[in-house]
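Subject: Model handover

Hello,

Please find the structure below. My notes on its pockets and one of its helices follow.

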Amino acid sequence: MALVLLALAAAGGAYWWLHQPVVAGDKPIELEIEPGATPRNVARAVKQAGMQVNPDWLYWWFRLSGQDRKIRAGNYEIPPGTTPHSLLARLVRGEETQRVITIVEGWNFRQVRAALAREEFLKHDTADLAPEAIMAALGQPELPAEGRFYPDTYAYAKGSSELALLRRAQAAMDKRLEAIWALREADSPLKTPAELLTLASIVEKETGKADDRGQVAGVFINRLRVGMLLQTDPTVIYGLGEKFDGNLRKKDLLADTPWNTYTRAGLPPTPISMPGKASLMAAVQPAKTRALYFVAKGDGSSHFSESLDEHNRAVNQYQRGGK
């Protein structure tokens with residue numbers, strides 16, 4: 001009888017211990033489990049991270065559970081209320097701390113890189129690489145980096161690399177571009193998926209109101225069909241790069257660069273931003289319109305015109321206050 005009582009007491013004590021919180025206070029504790037760590041190493045890491053637990057007892061709990069070899073390496077955020085029981089479950093499931101970064105529609109690659117650099121929990125393995133070297137590391141050395149990363153929100157674990165995140169964004173854009181290119185109209189003047197991406201990037205930068213996106217794309221498609229210059233300011237601004245101070249001047253429109261669509265015919269040599277799905281769709285299925293011009297109305301929308309005279313009147317009304 002005494003042995004039975006002792007066994008019951010031990011079982012009750014073990015149950016009580018397994019369900020006692022190991023995180024004191026109201027803030028989570030960061031825990032890093034190195035690849036190849038043994039169960040004993042893990043138990044010690046838990047204690048060293050600041051959790052209130054006997055590492056020897058924790059080690060034996062890992063062993064007796066039969067799941068000690070299933071613990072996954074990674075970076076974890078252990079919340080208040082975690083017990084030895086729930087801690088092991090979290091480590092076995094590999095529920096690493098997830099953080100997110102958003103690539104915004106219309107950003108250029110320079111802005112994407114700046115956003116990556118601000119993420120303190122990313123491994124900055126592209127910081128010293130030129131864009132060409134980054135694309136080579138991603139397996140597409142023949143492509144420019146601009147426009148090649150799909151704008152979306154990406155979750156990542158602490159310690160993930162910039163290159164790994166860019167690879168996911170690149171794959172997302174490749175997949176989206178392939179699917180949308182297949183929807184192009186038979187008479188589209190766009191000859192390749194790369195041209196679609198470039199036009200979509202311009203539409204992204206030129207659209208102030210979502211409802212106008214198809215019309216904006218329609219104007220550029222019409223211009224490409226008849227051989228007119230695209231004459232779009234965002235391409236000029238892109239060509240100026242970091243020299244652009246926020247004011248686009250007449251001399252800028254006349255200064256020739258590969259991206260100046262006032263001085264060069266057709267599409268620029270690369271995209272100028274990261275276009276989202278709506279802009280990609282607009283470029284491949286533009287609105288049916290005869291318009292060749294548009295001007296911002298000042299409220300985010302645009303006025304579209306079929307003739308230069310009508311366009312000049314619209315510019316006078318919306319840009320010059322009717323003077």
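The largest pocket has 30 lining residues, and those nearest its centre are Asp 233, Tyr 262, Phe 294, Val 295 and His 311. A pocket here is an open set of points on a 1 Å grid over the protein atoms alone, where a 1.4 Å probe fits, with protein on both sides within 12 Å along at least five of seven lines; lining residues have an atom within 4 Å of a point. This is a predicted model: local features need pLDDT of at least 70, side-chain atom pairs count only at pLDDT 80 or more, and totals for chains, interfaces and linings use all residues. Residues are numbered from 1 along each chain as its sequence is written, and side-chain values use heavy atoms, leaving out hydrogens and water.

The space in the largest pocket is about 810 Å³, a volume being the space filled by probe spheres set on the points, with grid points joined across faces, edges and corners. Elements giving at least two residues each to this lining include helix 10 (233-240), strand 5 (293-296) and helix 13 (308-318). Helices (H or I, at least four residues) and strands (E, at least two) are DSSP runs, numbered from the N terminus.

The second largest pocket holds about 280 Å³. Among its 14 lining residues, Phe 109, Pro 131, Ala 145, Glu 146 and Tyr 238 lie nearest the centre. Helix 5 (109-118) and helix 6 (131-137) are the elements that supply two or more lining residues there; helix 6 has the largest share, with 3 residues.

As for helix 2 (residues 39-48), Gly 50 follows it and has a positive phi, near 115 degrees.

Regards
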